[in-house]
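Hi,

Here's the model I promised to send over.

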Amino acid sequence: MVAFSLALAACQSTGGGCPPLVAYSLEEQKIAAKQLRALPQNAPLAAMIIDYKKMRDACRASES
(Lines give C-alpha, C1' and ligand atoms only; values in the text may rest on other atoms or scores of the structure.)
Protein backbone atom coordinates (compact mmCIF):
# COMPACT_ATOMS: atom_id res chain seq x y z
CA MET A 1 0.00 0.00 0.00
CA VAL A 2 2.88 2.35 0.75
CA ALA A 3 4.36 1.81 -2.73
CA PHE A 4 0.95 2.49 -4.28
CA SER A 5 0.62 5.73 -2.32
CA LEU A 6 4.11 6.85 -3.30
CA ALA A 7 3.52 6.06 -6.96
CA LEU A 8 0.22 7.91 -6.91
CA ALA A 9 1.85 10.90 -5.22
CA ALA A 10 4.61 10.85 -7.82
CA CYS A 11 2.03 10.91 -10.60
CA GLN A 12 0.23 13.83 -9.03
CA SER A 13 3.40 15.78 -8.24
CA THR A 14 4.25 16.22 -11.93
CA GLY A 15 1.39 18.68 -12.25
CA GLY A 16 0.06 16.97 -15.36
CA GLY A 17 -0.71 13.60 -13.86
CA CYS A 18 0.90 10.44 -15.10
CA PRO A 19 2.53 10.25 -18.49
CA PRO A 20 0.72 8.21 -21.14
CA LEU A 21 1.22 4.50 -20.56
CA VAL A 22 2.81 2.44 -23.29
CA ALA A 23 0.60 -0.36 -24.57
CA TYR A 24 2.28 -3.75 -24.93
CA SER A 25 0.92 -6.49 -27.16
CA LEU A 26 -0.05 -9.83 -25.68
CA GLU A 27 2.94 -11.40 -27.45
CA GLU A 28 5.32 -8.83 -25.92
CA GLN A 29 3.81 -9.47 -22.49
CA LYS A 30 4.26 -13.24 -22.86
CA ILE A 31 7.90 -12.84 -23.88
CA ALA A 32 8.58 -10.40 -21.04
CA ALA A 33 6.94 -12.75 -18.51
CA LYS A 34 9.10 -15.62 -19.72
CA GLN A 35 12.22 -13.48 -19.43
CA LEU A 36 11.19 -12.28 -15.97
CA ARG A 37 10.74 -15.88 -14.77
CA ALA A 38 14.23 -16.70 -16.09
CA LEU A 39 15.91 -14.09 -13.89
CA PRO A 40 17.81 -15.34 -10.84
CA GLN A 41 15.86 -15.31 -7.58
CA ASN A 42 16.11 -11.93 -5.83
CA ALA A 43 17.41 -10.22 -8.98
CA PRO A 44 17.25 -6.42 -8.62
CA LEU A 45 15.81 -6.15 -12.14
CA ALA A 46 12.82 -8.30 -11.11
CA ALA A 47 12.12 -5.98 -8.17
CA MET A 48 12.33 -2.95 -10.48
CA ILE A 49 9.88 -4.50 -12.93
CA ILE A 50 7.43 -5.22 -10.10
CA ASP A 51 7.75 -1.59 -8.93
CA TYR A 52 7.09 -0.43 -12.50
CA LYS A 53 3.89 -2.52 -12.58
CA LYS A 54 2.76 -0.94 -9.31
CA MET A 55 3.39 2.53 -10.73
CA ARG A 56 1.41 1.69 -13.89
CA ASP A 57 -1.45 0.40 -11.71
CA ALA A 58 -1.36 3.62 -9.67
CA CYS A 59 -1.47 5.74 -12.82
CA ARG A 60 -4.44 3.76 -14.13
CA ALA A 61 -6.24 4.20 -10.79
CA SER A 62 -5.59 7.96 -10.75
CA GLU A 63 -7.16 8.30 -14.19
CA SER A 64 -10.48 6.76 -13.14
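Below is what turned up, going from the overall fold to the details.

First, the housekeeping. This is a predicted model, so local features need pLDDT of at least 70 and side-chain atom pairs count only at pLDDT 80 or more, while totals for chains, interfaces and linings use all residues. Residues are numbered from 1 along each chain as its sequence is written, and side-chain values use heavy atoms, with hydrogens and water left out.

**Overall**

The protein chain has 3 helices and 0 strands, and along the sequence the pattern reads α-α-α. Helices (H or I, at least four residues) and strands (E, at least two) are DSSP runs, numbered from the N terminus. Of the 64 residues, 12% count as buried; buried means under 20% relative accessible area, exposed over 50%, and partly exposed in between (1.4 Å probe, protein chains only). The accessible surface of the chain is about 5200 Å², with 65% of that belonging to carbon and sulfur atoms. Those areas come from the Shrake-Rupley method with a 1.4 Å probe, and for residues only the protein chains shown count as cover.

**Helix α3**

The 20 residues of α3 should span 28 Å at 1.5 Å a residue, and the end C-alpha atoms are 29 Å apart, which agrees. The expected span here is 1.5 Å times one less than the number of residues. A46, R56, A58 and C59 are the buried residues of α3.

**Salt bridges**

I count a salt bridge when a side-chain nitrogen of Lys or Arg is within 4 Å of a carboxyl oxygen of Asp or Glu, and by this rule there are 2. D57 pairs with K53, with the closest N and O atoms 2.5 Å apart; both lie in α3, 4 residues apart, about one turn of the helix. D57 also meets R60 in a salt bridge (3.3 Å, N to O). Since D57 and R60 are 3 residues apart in α3, about one helical turn separates them. Shared partners join K53, D57 and R60 into one network. D57 is partly exposed at 30% relative accessible area, and R60 is partly exposed at 41%.

**Surface patch**

V22, Y24, Y52 and M55 form a nonpolar patch on the surface, with about 360 Å² of accessible area together. Patches are made of residues with over 30% relative accessible area and no salt bridge, joining like charges within 9 Å and nonpolar side chains (Val, Leu, Ile, Met, Phe, Trp, Tyr) within 5 Å. M55 is found in α3 (residues 44-63) and counts as partly exposed because its relative accessibility is 37%. V22 lies in the loop between α1 (2-13) and α2 and is partly exposed too, at 45%. The C-alpha atoms of V22 and R56 are separated by 9.5 Å, with the two residues 34 apart along the chain.

**Largest pocket**

About 520 Å³ of space lies in the largest pocket. On a 1 Å grid over the protein atoms alone, a pocket is an open set of points where a 1.4 Å probe fits, with protein on both sides within 12 Å along at least five of seven lines; lining residues have an atom within 4 Å of a point. Grid points are joined across faces, edges and corners, and the volume is the space filled by probe spheres set on the points. The lining has 18 residues, with Y24, Q29, A32, I49 and Y52 nearest the centre. α2 (26-38) and α3 each supply at least two lining residues, and the largest share, 8 residues, comes from α3.

Which residue has a positive phi although it is not a glycine? That's N42, at about 65°. N42 sits in the loop between α2 and α3 and is exposed, with a relative accessible area of 73%.

Cheers
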